[in-house]
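User: I am new to this structure and would like to be guided through it by question and answer. Could you please show it first?

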Amino acid sequence: MRSSRTRRAAVLALVLLGAGVWFASSLQDGLLGYEPSRLVLDRRGAYLGEVPGSGGELGYWPVPYVLPERIVQATLITEDRHFYEHPGVYLPSVGRALVQNVRNLRVISGASTLAMQVARMQTPGGRTAWRKVREAVEALLLVHGHGHEKVLRQYLAIAPYGNRVHGVGRAARLYFDKPVEDLSWAQAAFLAGLPQLPGRMNPYTEDGLRRARKRSHRILRALHAQGALSREELQQSLQADLGLVPRPQRMPEALHAVLEWSVLARARHVPISTATLDLEVQSKVAHILQRNLNRLDGAGAGNTAALVVDTETGDILAYVGSRDFFNQEHRGAIDFVKQRRSPGSTLKPFLYGLALEKGIVTAATELADTPMDVRVENGRSYLPENINHSFLGPMLLREALGNSRNIPALRVLEQVGVEPALRFLEKAGVGGISYEPDRYGLGLAVGNLHVTLEELSELYLVLAHEGETRSLRRFTDEPVAPSRRLMTRESAQLVRHMLADPLARRPSFPVGSALDYPYAVAVKTGTSQGYRDAWAMAFSDRLLVAVWVGNHDWRRMNGVGGLLGAANAVHEIFDAVMPEWRPYRTVLDAFPPPTGALALDVCPLSGRLAGPECPHRKSEWFVAGTAPTESCPFHAKVRLDRRNGLRATATCPEREVVTRVMLALPEEYEQWARRQHLDIAPLRESPLCPSRPEELEPKVAIREPRGTVRLLYDPDTPASASTLRLAADVTPSTEPIVWMVDGVPVAEVSYPHEFRWSLRPGQHVITAAMVHRRQISQPVTVVVED
């Protein structure tokens, strides 16, 4: 019998011991850490957004090193008047609670101390007697292990204050928009009363505010009774305006910016960050972009994005990622500031800048805007075009850039080299660059390398800062990144001087277009192939504005290019924001020519020194050592045979010779000049007065077509219109030639040795041979594809 009792006692002891061990191991005797939320304000202190903290809640901010006296007294008189007198559990309150609970046969009073509330908040559970015992033990452990002040700090950091907010620091910002240290007695009492019933005392509802005010008045009177407030302070606090601020709302037009800055704020490890963004500017920019899309309604433009940057600091003032974050049809949730798209012509200024830096060109270098045969992989070639499918002939570099001509840019890139250009762009921050051979080719100049609006903005900041980098800044306390020199000061100054020159844009961009400003603005547009992307990049002495217009699915727009689609919005943004960003400056003050540059009069056609025969002249700036020394060769006195208008040789009778001042263009411009119906000096000599034929070396060369030509055969085109012009240079010019296709004669012709051959599918070899001599031209291959 005794042994049976002993065994039962031993089992009971083991059970109790196990329960005790389990109970002890389940207790929380430490102060838990919580991830705080990150609040982001705009540069003027307006609410921008917030990254939630632990459990998707707001707050959990650490309290100040020196605890604010008002919120401490208001909290203790509300939650635990004897906080510093007990070890975590106040026995008189426990006794009173037990009597009340036994009488009512349910838990109506918990006798919770502030330490017990911390225990409950750290390990939430139901309101049971067993739960109360657990909280009491945990409270004793917390106070014993950490001391009263740390437990008080934990309460002030994690207590619920309604509207998903934990901690008095975040609550002070939410309800009063001020630090907890600056709270008045009325505000401190108001906040101290919220944690008991945060849902029923919601300050943003009429009933909740009434209940919260009533409770705060009781707390103020208790503080007065305790001697913390004088009677005068009590009366002032009871009658004071609380200063509640409206519930913060995120601006719909800034949701991409909210995401951008909020994610970055998480890594900053500070509860409040001040962004460079200006919500007033943001709102203006968003509405201008929306009006711009409305204006393009029917032209297939579905989306848009923009950045506005302070050029001096790199601060992002406005960040619009799409037309409407919630627009599903146009995929508004996509942030097009960060999407890689074809930039069209917006990279051209940097290719010209590299050429200027290497001494390959000057601002007055003559560039040929004429048909160009570009070789690509596998021996294939293509004929690039300008956006308006026309050519302007000889152009100076300044006008070629201002008019955004494709062919001159390709010619410049050919001299600079694709790989050096890619390395420059990579150093400037453009990502995703491939160095696979022929990945971009000369198409780099017209949009083959995709970039983001963000990357383009940093590129144009290099021009704004005279060749040095300037990183985009997102927070006002973010240190300015050290600058790096990417371009020589002189080349960057010259490029931006050209981009700000309205006369350089004629005739492609008419007077009064969106590119003309009453103040100094360097501007460049871009249009990708097929009108899929429209860009405008512009900067003044104080602002940089970048705008993109297009569609999420790369759908073509109906003729919406950089000028029509984006430049108008850029101009409106400048006019709306510039008056608030420092006074205007004149063109010369804002974008002066390169330091030490020399201004010379040159021929606007050849770029050489203007000669006596040049009908026009213009002033151009030259960096030291780059000024031209030769006179213009394009305007000259030419001796002509009056009988046929060709060049007169020394053997021509003087009575048949006339001398005229004419446009003497190189041979590469002949076809272009003919199509423009220009009166140009002939290149060939008159056959009526040959220069002793016996002294001339007979030769024949095909002038047109050149190289390998690929053409598309359309069977629906009439045969009379489906032809290829054949032209040859023959010496002496009096000799007839025979045109042969695949070795078969197709036509015998005399001067001017031209013939139109009817196309037929296949690969063909074309040659020209003299009729009376053995001379034959080098062959030309023409591929006519079905």
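User: Let us begin with His-753. Is His-753 buried or exposed?

Analyst: This is a predicted model. In it, the relative accessible area of His-753 is 1%. A residue counts as buried when that value is under 20%. His-753 is therefore buried.

User: Where is His-753 placed, and what is its phi?

Analyst: His-753 belongs to the loop between strand 23 (744-749) and strand 24 (754-758). Although His-753 is not a glycine, its phi is positive. The value is about 60°.

User: Which loop holds Trp-554, and what is the phi of Trp-554?

Analyst: Trp-554 is located in the loop between strand 14 and helix 19. Trp-554 is not a glycine, yet it has a positive phi. That phi is about 65°.

User: How does Trp-554 count in terms of accessibility?

Analyst: The relative accessibility of Trp-554 is 33%. Buried requires a value under 20% and exposed a value over 50%, with partly exposed in between. Trp-554 therefore counts as partly exposed.

User: Which residue lies over the face of Trp-554, and at what distance from the ring centre?

Analyst: The face of Trp-554 has an arginine over it. This residue is Arg-341, at 3.8 Å from the ring centre.

User: Over which ring does the charged end of Arg-423 sit?

Analyst: The distance from the charged end of Arg-423 to the centre of the ring is 4.6 Å. The ring belongs to Tyr-435.

User: Strand 14 pairs with strand 6 and strand 13. How many bridges join strand 14 to each?

Analyst: Strand 6 (residues 303-310) runs antiparallel to strand 14 and is joined to it by 8 bridges. Strand 13 (residues 533-539) also pairs with strand 14 in the antiparallel sense, and these two strands form a hairpin with 3 residues between them. The number of bridges between strand 13 and strand 14 is 7.

User: Which residues are the partners of Trp-548 in these pairings?

Analyst: Ala-305 has Trp-548 of strand 14 as its bridge partner. Another residue stands opposite Trp-548, namely Trp-535. The two names asked for are Ala-305 and Trp-535.

User: How are the rings of Tyr-519 and Phe-574 arranged?

Analyst: The model has 14 aromatic pairs. Tyr-519 and Phe-574 form an aromatic pair with 6.5 Å from centre to centre and 55° between the planes. Planes under 30 degrees apart would count as stacked and over 60 as edge-to-face, so this pair is tilted.

User: How far apart in sequence are the parts that this pair ties together?

Analyst: Tyr-519 lies in the loop between helix 18 (489-499) and strand 12 (522-527), whereas Phe-574 is in helix 19 (residues 562-577). Tyr-519 counts as buried at 5% relative accessibility, and Phe-574 is buried at 0%. The pair thus joins parts that are 55 residues apart in sequence.

User: To what extent is helix 6 enclosed, and what covers its buried residues?

Analyst: Helix 6 (residues 148-158) is largely enclosed by the rest of the structure, because 8 of its 11 residues are buried. Among the buried residues are Val-151, Leu-152 and Tyr-155. The cover includes helix 2 (69-79), helix 4 (114-122), helix 5 (129-146), strand 4 (165-166) and helix 7 (168-176).

User: Which peptide bond is cis with omega of about 5°, and which is cis with omega near -5°?

Analyst: Pro-705 is in the loop between strand 19 (699-704) and strand 20 (709-712), and Pro-732 is in the loop between strand 21 (723-731) and strand 22 (737-741). The bond with omega of about 5° joins Glu-704 and Pro-705. The bond with omega near -5° runs from Thr-731 to Pro-732.

User: What is the radius of gyration of the protein?

Analyst: The C-alpha trace spans about 145 × 75 × 45 Å along its principal axes. For a compact globule of 786 residues, the radius of gyration would be near 28 Å. The protein has 41 Å.

How values were computed:
Residues numbered from 1 in each chain as written. Predicted model: local features only at pLDDT ≥ 70, side-chain atom pairs only at ≥ 80, totals over all residues. Heavy atoms only, no water. Phe/Tyr/Trp six-rings, centres within 6.5 Å; stacked < 30°, edge-to-face > 60°. Helix = DSSP H or I, 4+ residues; strand = E, 2+ residues; numbered from the N terminus. Buried < 20%, exposed > 50% of the residue type's maximum accessible area, 1.4 Å probe, protein only. Lys NZ or Arg CZ within 6 Å of the ring centre and 35° of its normal. Pairing = 2+ DSSP bridges. Rg over C-alpha atoms; globule rule 2.2 N^0.38 Å. Contact = heavy atoms within 4.5 Å.
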